[in-house]
Amino acid sequence: MAAQRELRCLIAAGGTAGHVLPSLAVAEALVARGVTVTFAGSPDRAEARLVPEAGFELDTFQVSGLPRRPGPAQARALGRAMRAPRACKRILKVREPDVVLGGGGYVAGPMVYAASRLAIPSALMEADAHLGLANRLAAPFAERVFLAFPIEGRERPKYRITGRPIPARNRATSRAEGRRVFDLPPRARVMLVFGGSQGATSLNETIVEAFGETGPAVLHLSGERDFELLRPRITREDYKLLPFTGEFGAALAAADLVVARAGGSVWEVAAAGKPAILVPYPFATADHQAKNARFFERAGGVIAVPESELGRVADLARSLLGDPERLKEMGDAMTRVAKPDAAEEIAEGLIQLAT
């Protein structure tokens with residue numbers, strides 16, 4: 001009897017780290033199950049760096065978001081969108097995957113569509129509490145859609161609520177290890193602040209203004225854009241300002257309280273069992289960050305503060321850091337709602353589709 005070849009999966013994900021990192025978590029889970037994984041994406045976005053760094057091959061093709069205003073940029077984007085499915089077909093014919101995963105971003109839709117034309121089963125991932133435009137367009141061509149949050153009208157068997165996959169490097173380590181990594185005081189209260197991969201200027205300004213000179217120990221991941229402007233305003237040793245970190249799991253482990261936007265990284269916060277104050281980005285598509293925050297607020301692990309009330313955040317943080325019982329209750333609530341095995345569940349679902 002001829003030996004059965006191992007399964008192959010192609011993952012199309014890109015644009016931002018928020019799409020690529022969860023896809024890499026699924027890739028890790030697939031590899032652990034003996035599946036060969038390759039990626040496809042843009043040659044000049046986050047995936048071009050993150051995927052090779054993680055040890056996976058990346059096939060590239062050109063596609064981009066569609067500008068809303070008519071003009072040359074919109075015409076170029078339409079041209080790339082028209083050509084993308086043909087480029088995806090060529091990649092699929094070379095890689096011969098048994099299943100395709102659209103991990104998010106504009107690269108996912110053309111690949112899932114091309115897979116449907118070649119009778120290759122496919123699935124999509126949605127990281128927010130709102131099905132984005134690219135996924136809404138691609139969903140008719142996919143056999144399965146893995147949702148991070150429940151979304152009204154998106155029901156089984158096609159839609160499965162799994163949570164958001166968490167890469168190994170974003171899983172919390174021990175508290176002691178986290179504080180050692182960032183040279184934070186071992187027994188003081190520590191607040192972790194971040195605003196996504198690009199940072200959040202209004203949140204950055206609020207926290208530095210309130211805590212730059214005095215207050216609890218702070219680990220602040222500001223993003224590259226604001227880092228140099230903020231750095232001269234920090235006047236104490238236990239306020240650690242960094243543009244970013246490659247050890248996000250250690251950062252979570254070090255914290256007693258998280259203050260952040262409400263993007264997909266809130267699933268990492270939940271998996272670490274950390275209470276949080278979330279300030280949703282007010283201009284997120286379909287207000288999906290507010291929906292993300294409300295999901296965790298209803299569970300009891302988060303206090304959601306609208307951007308218009310950003311001035312409340314400093315006093316609220318001080319109050320929570322002085323109330324260890326409340327912090328524990330909120331942390332326990334986050335642990336209960338967390339889905340730390342999302343990557344494994346999605347990997348199993350993809351293997352089922354492939355076989």
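Trainee: On the other side of α2, which residues are exposed?
Mentor: R49 and E53 are exposed there, meaning over 50% relative accessible area, with buried under 20% and partly exposed in between (1.4 Å probe, protein chains only). Keep in mind that this is a predicted model: local features need pLDDT of at least 70, side-chain atom pairs count only at pLDDT 80 or more, and totals for chains, interfaces and linings use all residues. Residues are numbered from 1 along each chain as its sequence is written, and side-chain values use heavy atoms, leaving out hydrogens and water.

Trainee: And which residues of α2 are buried?
Mentor: A46, E47, L50 and V51, in a helix that covers residues 46–53. Seen down the axis, they fall within an arc of 95 degrees, so they line one face of α2.

Trainee: What covers them?
Mentor: The cover includes β1 (8–13), α1 (17–32), β2 (36–41) and β3 (58–60).

Trainee: What follows α2?
Mentor: G55, with a positive phi near 95 degrees.

Trainee: New topic. At what angle do α7 and α12 pack?
Mentor: About 60 degrees, with the axes 9 Å apart. That makes α7 oblique to α12 (under 35 degrees is roughly parallel, over 145 roughly antiparallel, 65 to 115 roughly perpendicular, the rest oblique).

Trainee: Is the crossing left-handed or right-handed?
Mentor: The crossing of α7 and α12 is right-handed.

Trainee: Which residues make the contact?
Mentor: I207, A210 and F211 from α7, and V313, A314, A317 and R318 from α12. Contact means heavy atoms within 4.5 Å.

How values were computed. Axes fitted to C-alpha atoms, helices over the stretch in contact; angles between N-to-C directions. Helix = DSSP H or I, 4+ residues; strand = E, 2+ residues; numbered from the N terminus. Left-handed = near helix turned anticlockwise from the far one by under 90°. Arc of directions from axis to C-beta.
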